[in-house]
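Here is a short walk through one protein model. Keep the structure in view and follow along.

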Amino acid sequence: MTCCDILRQLPIPPFLGLIISMKRTLLATAIASLGLFSAFSQAAEQADLIITDAMVLTMNQDKTVYENGTVVIKDNKIIAVGDESLEKKYQADNVLDVDGDIVMPGLINTHTHVSMTVFRSLADDVPDRLHRYIFPLEAKLVSRDMVRIGANLGNVEMLKGGVTTYADMYYFEDEVAKTVDKIGMRAILGETIIKFPVASAKNADAGIDYTLNFIEQYKDHPRITPAFAPHGPYTNTTETLQKVAKLSLEKDVPVMMHLAESDREQQVIAERSNGLSPVAYMESIGALNKNLVGAHMILVDEHDIELVKKSDMGVAHNMSANIKSAKGVSPALKMYDEDVRIGLGTDGPMSGNTLSTIDEFNQVAKVHKLVNKDRAAMPPLKVIDMATMGAAKALHMEDKIGSLEVGKLADIIVIDTKAPNMVPVYNPYSALVYSANSANVRHSIVDGKLLMKDRQILTVDEDQIRKEALEFTDVVRKTVIESGEVVQ
Ligand SMILES: [Zn+2]
């Protein structure tokens, strides 16, 4: 019995009961420090943070749920997960009583271009937007400043939306890394390699050199994984793709790439390879391996899926971006059911507009049902699995993140179940997929640290970040108008 138990058993007036329920461990610690219950307090193991009164969705192999659950964190790891009896076994100065809210693994966004937040909602429905808006704007405006400003905004958006780890592809990823380090999130950051001149490199080889430097700089960072990010198979030569594949295996770093995304890509690759699909082409040149994470994977057939499985590569499924651009629907459900490493992503904020995976849930479930003409085709549990453990597997990080289990890194989010749109919760997975939105994320914890409490980010100045982003927006408007286009 701990001093907490004794406190619980004392006859107490209601107002004191409320204080005790909120500050139980603090009071216990204070009393223990007076020596009154020191003999009892020694029985409880010391932790750093305890989350109590939680509906815990562990997302472990058995998908265990604890309705009155507790999660115990020490340093940056989870040291216990279970029912309320754990409260007797552990004590901590920091106790987060979540009053029945949903506690689950932090969401993992497997594909984005975070710095593009500064271009969000521009020319959304212009058919040739890529050539009329995105490429000209990028040619003029991508810089270290733009990358930092956009990444800061995207980081805040993701953390507030429950994303604790993300995989990014853009330019000057060392600038993105600084923003990730500061806010305290976890990320895989891939420097883009492309055969055209871009702001951070004059050609693909220079892009590879840039990435090698970035890898050296960040290879030992506890929360940041540097990576190669060849833009796509059709925007790089076979030689570049082979070189990247070889270097990634030597350095043991991920390769992130858009793959099997568009008709144009399919056509260019077929012409280059005697009719092979993008996936089959990558396999034929020896570049389909366990380090690869393919984003989109819309244009894949049975044979491609077999190759994907054999290679053990990961897949990023970006539903809202794919349907907004009318590119098609990836057979993601089929890949998931066939044990492909597949997780949810948002794509960049110009493609899907939101960076919060939670806002993808609804669309992922509904579109796969529609495509399969089956209301039961995509149960909510599968969607949540693809946002957590599936995404961790896609990034080959399943030993570290993706579920709430002893020994895993403490990346945890708390979802408000008292918000009107979340009442009632009969089935937590269903409520998350069909009722929740990113504004329902109440607290976010990464690497054992509370980074957002009651929607307030504790590590960076959100107002300042928004102000900087809005100032940059003026530059974007001016550039669009000067190029003879319309801000629309
Ligand atoms: Zn993308």
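Start with a single residue in this predicted model. Asn 291 touches Ser 248, Leu 249, Asp 252, Val 253, Pro 254 and Val 255, leaving aside residues up to four places away in sequence. Where does Asn 291 sit? Asn 291 lies in the loop between α11 (278–284) and β13 (292–296). Is Asn 291 buried or exposed? Its relative accessibility is 8%, and the cut-off for buried is under 20%, so Asn 291 counts as buried.

Next, turn to the metal. Which residues hold the zinc ion? The protein donors are His 111 (NE2), His 113 (NE2), His 258 (NE2) and Asp 347 (OD). They lie 2.1 to 2.3 Å from the zinc ion. The angles among the 4 donor atoms run from 87 to 171 degrees, and the site is irregular. Along the sequence, the donor residues follow the spacing H-x1-H-x144-H-x88-D.

Now look at how helices pack. Take helix α8 (residues 204–218) and helix α9 (residues 238–251). Their axes come within 11 Å and cross at roughly 10 degrees. That angle is under 35 degrees, so α8 is roughly parallel to α9. On the α8 side, the contact is made by Ala 204, Asp 205, Ile 208, Leu 212 and Glu 216. On the α9 side, Thr 240, Lys 243, Val 244, Leu 247 and Lys 251 take part. The contact residues divide into 5 nonpolar, 1 polar and 4 charged.

A second pair is arranged at another angle. Helix α15 (residues 358–372) packs against helix α18 (residues 428–435) at about 95 degrees, with the axes 6 Å apart. Helix α15 brings Phe 361, Asn 362, Ala 365, Lys 366 and Lys 369 to the contact. Helix α18 brings Leu 432, Val 433 and Tyr 434. Here the residues divide into 5 nonpolar, 1 polar and 2 charged.

Finish at helix α16 (residues 380–387). How many of its 8 residues are buried? The count is 7, and the helix is mostly covered. The buried residues are Pro 380, Lys 382, Val 383, Ile 384, Asp 385, Met 386 and Ala 387.

Methods:
Residues numbered from 1 in each chain as written. Predicted model: local features only at pLDDT ≥ 70, side-chain atom pairs only at ≥ 80, totals over all residues. Heavy atoms only, no water. Donors = N, O, S within 2.8 Å, 3.2 Å for Na, K, Ca; no water. Tetrahedral: all angles 85-135°; square planar, octahedral: opposite > 155°, others 65-115°. Axes fitted to C-alpha atoms, helices over the stretch in contact; angles between N-to-C directions. Helix = DSSP H or I, 4+ residues; strand = E, 2+ residues; numbered from the N terminus. Contact = heavy atoms within 4.5 Å. Nonpolar A, V, L, I, M, F, W, Y, C, P; charged D, E, K, R; others polar. Buried < 20%, exposed > 50% of the residue type's maximum accessible area, 1.4 Å probe, protein only. Parallel < 35°, antiparallel > 145°, perpendicular 65-115°, else oblique.
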